[in-house]
Amino acid sequence: MGSHIPVDVASFEAHDDDFDVIVVGCGPTGATLTNRLRGQGYRVAVFDREEEVFPAPRAMLIDDESERIFGDLGVLDQMRAADLILFDSHRFVDGRHRMLADLRPLESGLSVGWMFHQPTFERLLREQFGLGVGVSTFFGHDVVAVANGTEGAQVYAVDAASGQGRRYRARYVIGCDGGSSVVRRSMGVARTDFGFSQPWVVVDAVVHDQEFFDSLREGSEFLCRPGRAAVFVKGCRRHLRFDFQVDPVEGETDWTEQAREHIAGYLDPATLTIIRVAPYQWYAGMPRQWRAGRLLLAGDAAHQTPPFAGQGLNMGLRDAMNLAFKLDAVLAGRAPDALLDTYEQERWDNCAEVIKGAVRVGRLVTGAGVLARLGRTVVLFALRHSKTLVRARANADLRKEPYRAGLIGGAHRLSGTLMVNPRVTVDGDATTLDRATGNEFTLLTLRRPRAAASAEFARRFGGRVVVLGDEVVCADGELTAWLRHHRVEAVLVRPDRYVFDAGTDPDALAAALIGAVGAVGAYSTDGDHEAEPSSGAAAGRGFDAVGDDSPSGAERLRHPRL
């Protein structure tokens with residue numbers, strides 16, 4: 001287990017308080033994780049080098065699962081009026097802006113998600129930090145080092161205002177600090193590279209006139225121009241995003257003038273104000289290990305993806321929900337520390353498939369060779385003429401693999417899948433299943449389990465038994481039909497909304513969860529530090545130890561779909 005400790009931190013004084021968890025980085029993933037842990041009553045500290053929420057949206061699309069997470073976090077209703085817009089279309093055009101395909105997912109019976117306003121989302125999450133036991137916030141603090149230990153971890157941070165450095169202690173430290181993560185560097189882990197790296201420039205702008213903004217088409221547009229591809233996206237609150245591909249350059253470059261020229265290809269630059277111009281190396285890859293002792297990674301620190309599928313933030317929110325309930329179980333003494341190993345075990349392959357989908361879209365848009373152009377023409381022609389192919393392609397590119405190993409039962413094919421969220425009624429009031437059941441382990445069943453099994457389930461996990469037809473009623477029959485379709489009478493759902501297992505015997509499901517938690521520890525991340533380093537094109541992308549692009553035999557066994 002590595003530690004990233006500069007020599008000059010020896011003089012840092014210890015902070016007075018110890019914490020259960022320190023979260024490094026207060027973007028969407030860090031703020032979500034912080035609030036989930038705060039709501040569970042833990043002492044949480046969150047660090048970020050910036051004082052305020054970043055003013056420009058860096059992510060713009062949430063999917064159906066993230067919409068449910070917004071609901072769990074209590075911000076969904078607040079954002080509906082101005083900060084959520086149902087996604088309308090993906091358009092693909094050629095170098096002269098001639099239409100190649102106009103894909104409207106809703107017309108194909110597919111919901112891609114919602115455009116959302118990230119700064120609003122983050123502000124709402126930060127407003128919740130003072131609720132309950134509260135969160136200790138250290139904004140304007142630069143984390144310069146992290147130390148791992150058997151009993152806990154330490155974070156070394158400098159207050160930008162005073163220049164004072166202090167040492168902070170916690171049982172666990174979670175790195176949500178982005179692509180250049182200090183926490184990840186402290187772990188010294190190798191990476192898996194998915195073979196996609198391109199330089200782009202990202203431009204955010206705000207339109208002056210609301211009426212003009214409203215007249216612009218919703219959705220996104222991909223300019224398929226080899227070597228000079230571009231993406232245009234209409235967001236919320238008069239925000240527009242212009243991304244354009246550039247040649248690799250050495251050193252610092254002011255891209256402002258090129259940004260204005262690029263915008264002029266869409267609309268008059270005088271109609272808007274540019275609020276950000278930033279070069280990015282769009283890259284696809286992940287560290288092979290997300291945990292080293294008391295240190296764990298989440299969000300962009302754990303996975304980097306080109307933005308073509310709009311899934312970067314969505315993956316981070318899923319990380320936070322998965323990790324939060326496992327940290328809760330470990331910190332509360334209901335599960336061994338080894339339960340945290342199942343976080344990477346579940347999320348790694350899931351994220352790998354999502355990133356590969358984004359890479360496929362990126363290659364479709366940016367492919368420059370003769371075969372790439374021919375393939376793009378054929379694919380877009382087919383998509384333009386077949387709603388069935390639109391659904392199939394979208395499902396392939398946005399696929400989120402079920403969890404196949406980890407804290408899942410595995411007896412039924414539903415195990416490891418995301419639970420549905422149908423409409424139900426509680427005491428005569430219509431609501432969703434998510435809101436009716438809350439965020440505990442929940443045993444949904446058509447018949448009441450034995451009292452002993454129910455009591456043990458509640459004692460061990462704070463679990464809740466919901467007998468359908470009693471307090472929760474399947475008003476429109478959707479949930480009952482779903483159970484009948486899968487030939488089950490009971491489903492045990494985890495706090496992150498994923499199915500632990502399903503079957504006909506609720507007592508057996510409760511017993512299986514108890515047994516699974518007792519058995520964790522068979523999976524281990526030990527040994528991943530031994531990957532052979534490489535150099536050249538794969539180097540210099542924010543990872544300290546770089547493994548070769550082809551995983552070793554052991555790596556293939558652990559991540560069989562690579």
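Asp496 lies in the loop between β24 (490-493) and β25 (499-503); helices (H or I, at least four residues) and strands (E, at least two) are DSSP runs, numbered from the N terminus. The model is predicted, so local features need pLDDT of at least 70 and side-chain atom pairs count only at pLDDT 80 or more, while totals for chains, interfaces and linings use all residues. Residues are numbered from 1 along each chain as its sequence is written, and side-chain values use heavy atoms, with hydrogens and water left out.

With a relative accessible area of 5%, Asp496 is buried; buried means under 20% relative accessible area, exposed over 50%, and partly exposed in between (1.4 Å probe, protein chains only). The side chain of Asp496 makes a polar contact with the side chain of Arg494 at 2.8 Å, and reaches the backbone nitrogen of Tyr498 at 3.3 Å. A polar contact is a pair of N or O atoms within 3.5 Å; within protein, one must be able to donate a hydrogen and the other to accept it, and residues adjacent in sequence count only if both atoms are side-chain atoms. Beyond its neighbours within four places in sequence, Asp496 is in contact (heavy atoms within 4.5 Å) with Met321, Asn322, Phe325, Tyr403 and Leu418.

His303 occupies the loop between β18 (295-297) and α8 (312-331) and is buried at 1% relative accessibility. Its C-alpha atom is separated by 4.6 Å from that of Met286, 17 residues apart along the chain. The side chains of His303 and Asp319 are joined by a polar contact of 2.5 Å. Asp319 also takes part in a salt bridge with Arg347, and both Arg347 and Asp319 are buried.

**Salt bridges.** The count comes to 34 salt bridges, each being a side-chain nitrogen of Lys or Arg within 4 Å of a carboxyl oxygen of Asp or Glu.

| Pair | Closest N to O distance |
|---|---|
| Arg169 and Asp18 | 2.6 Å |
| Arg347 and Asp319 | 2.8 Å |

Arg169 forms its salt bridge with Asp18. Arg169 lies in strand β11 (residues 165-175) and Asp18 in strand β1 (residues 13-24), so this pair ties together parts that are 151 residues apart in sequence. Arg169 is partly exposed at 25%, as is Asp18 at 36%.

**Cysteines.** The structure holds 0 disulfides, a disulfide being a pair of cysteine sulfur atoms within 2.5 Å. The sulfur of Cys26 is 9.1 Å from the closest cysteine sulfur, in Cys176, which is too far for a bond. Cys26 is buried at 1% relative accessibility, and Cys176 is buried at 11%.

**The chain as a whole.** The secondary structure comes to 16 helices and 25 strands. Of the 562 residues, 56% count as buried. Among contacts between residues at least 6 apart in sequence, 73% join residues at least 24 apart.
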